[in-house]
Amino acid sequence: MSRLLSRMSRSVLKVILLVLMRVLYRPVVEGVEHIPDEGPVILAGNHVTFIDSLFLSLVVRRQVYFIGKDEYVTGKGVKGRVMAWFFTTCGMIPVDRDGGHGGVAALMTGRRILEEGRIFGIYPEGTRSPDGRLYRGRTGIARLALMTGAPVVPFAMIGTDKVQPGGRGMPRIAPVTVRFGQPLEFARYEGMDRDRYVLRAVTDEVMSHVMHLGGQEYVDIYATKAKAA
């Protein structure tokens, strides 16, 4: 019963947000037909602002699940409960990513979602871009693809950084395009999910497709390092 109510609330929220989004933003969606209608799928793309996941969830017909900080669902009071309901309804799965095993927990959560035949959204950069450029991908995306055999559909968010600059404040009205590429298959690397050279090659291939879809300048360092600098 609780699962049914969750699905109903998710559907109602998606319809409401979709109507608002269509009226306010009129986003251009390209290549959405590349996403399989069933089975496990990894959506891998760039990350320029906080609101990216909302747009991604709204333009894809199937439910998209993604990892989010557990602090988004642990707030107190009415505001905290509303935020928790909103984020979980949008498909966010809270994980403590700041702990020593945060990366492993996120990886295992993604694996579980994919083994259930669902869609898992991931930002290989690991964090939002500090300056709008595309940074080096983390190899977790490659491990997920090789462990599960799920196809990777690359995507690019274009214009969302103008909707919510810096990931803060109320969203503004600005043109948005979400562009999906052809599915990428990595069956040729089956059983090699612990080979670091293979993991890097797969990750770089995914990021190359993301770069061409979005037209961003590529920087071959990790975004976290750029932020620290």
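A salt bridge here is a side-chain nitrogen of Lys or Arg within 4 Å of a carboxyl oxygen of Asp or Glu. The model is predicted, and by that rule it contains 11 salt bridges.

**Salt bridges**

Start by selecting Arg 112, Glu 116 and Arg 118, which salt bridges link into a network.

Next select Arg 136 and Asp 220. They form a salt bridge whose closest N and O atoms are 3.3 Å apart. The two residues are 84 residues apart and the pair links distant parts of the chain: Arg 136 sits in the loop between β6 (134–135) and α5, and Asp 220 in the loop between β9 (218–219) and α8 (223–228). Arg 136 is partly exposed, at 24% relative accessible area.

Asp 204 is partly exposed, with a relative accessible area of 31%.

Then select Asp 161 and Lys 162, another salt bridge, with 3.4 Å between the closest N and O atoms. Lys 162 is exposed, with a relative accessible area of 52%, whereas Asp 161 is partly exposed at 26%.

**Helices α5 and α7**

Colour α5 (residues 140–148) and α7 (residues 196–214). These helices pack at an angle of about 100 degrees, their axes 8 Å apart. That angle makes α5 roughly perpendicular to α7, since 65 to 115 degrees counts as roughly perpendicular.

Now show side chains at the contact. From α5, Ile 141, Ala 142, Arg 143 and Leu 146 meet Val 198, Leu 199, Val 202 and Thr 203 of α7. The contact residues divide into 6 nonpolar, 1 polar and 1 charged.

Stay on α5 and select its buried residues: Ile 141, Ala 142, Leu 144, Ala 145, Leu 146 and Met 147. Step just past the end of α5 to Gly 149, where phi is positive, about 75 degrees.

Move to the loop between α1 (2–24) and β1 (28–30), and select Arg 26. Most residues other than glycine have a negative phi. Arg 26 has a positive phi, near 45 degrees. Arg 26 is exposed, with a relative accessible area of 66%.

How many aromatic pairs does the structure hold? There are 3. For one of them, select Tyr 25 and Phe 55: an edge-to-face pair, 5.4 Å centre to centre, with 80 degrees between the planes. Tyr 25 lies in that loop between α1 and β1 and Phe 55 in helix α2 (residues 52–59), so the pair ties together parts 30 residues apart in sequence. Both Tyr 25 and Phe 55 are buried.

**The aromatic cluster**

Finish with Tyr 123, Phe 155 and Phe 180, which ring pairs link into a cluster. Tyr 123 and Phe 155 are both buried. Their ring centres are 6.3 Å apart and their planes lie at 70 degrees, so this pair is edge-to-face. Tyr 123 is in the loop between β5 (119–122) and β6, and Phe 155 is in strand β7 (residues 152–158), so parts 32 residues apart in sequence are tied together.

Terms used. Residues are numbered from 1 along each chain as its sequence is written. Side-chain values use heavy atoms; hydrogens and water are left out. Axes are lines fitted to C-alpha atoms, for helices over the stretch in contact, and angles run from 0 to 180 degrees between N-to-C directions. Helices (H or I, at least four residues) and strands (E, at least two) are DSSP runs, numbered from the N terminus. Angles under 35 degrees count as roughly parallel, over 145 as roughly antiparallel, 65 to 115 as roughly perpendicular and the rest as oblique. Contact means heavy atoms within 4.5 Å. Ala, Val, Leu, Ile, Met, Phe, Trp, Tyr, Cys and Pro count as nonpolar, Asp, Glu, Lys and Arg as charged, and the others, Gly among them, as polar. Buried means under 20% relative accessible area, exposed over 50%, partly exposed in between (1.4 Å probe, protein chains only). Rings of Phe, Tyr and Trp (its six-membered ring) pair if their centres lie within 6.5 Å; planes under 30 degrees apart count as stacked, over 60 as edge-to-face and the rest as tilted.
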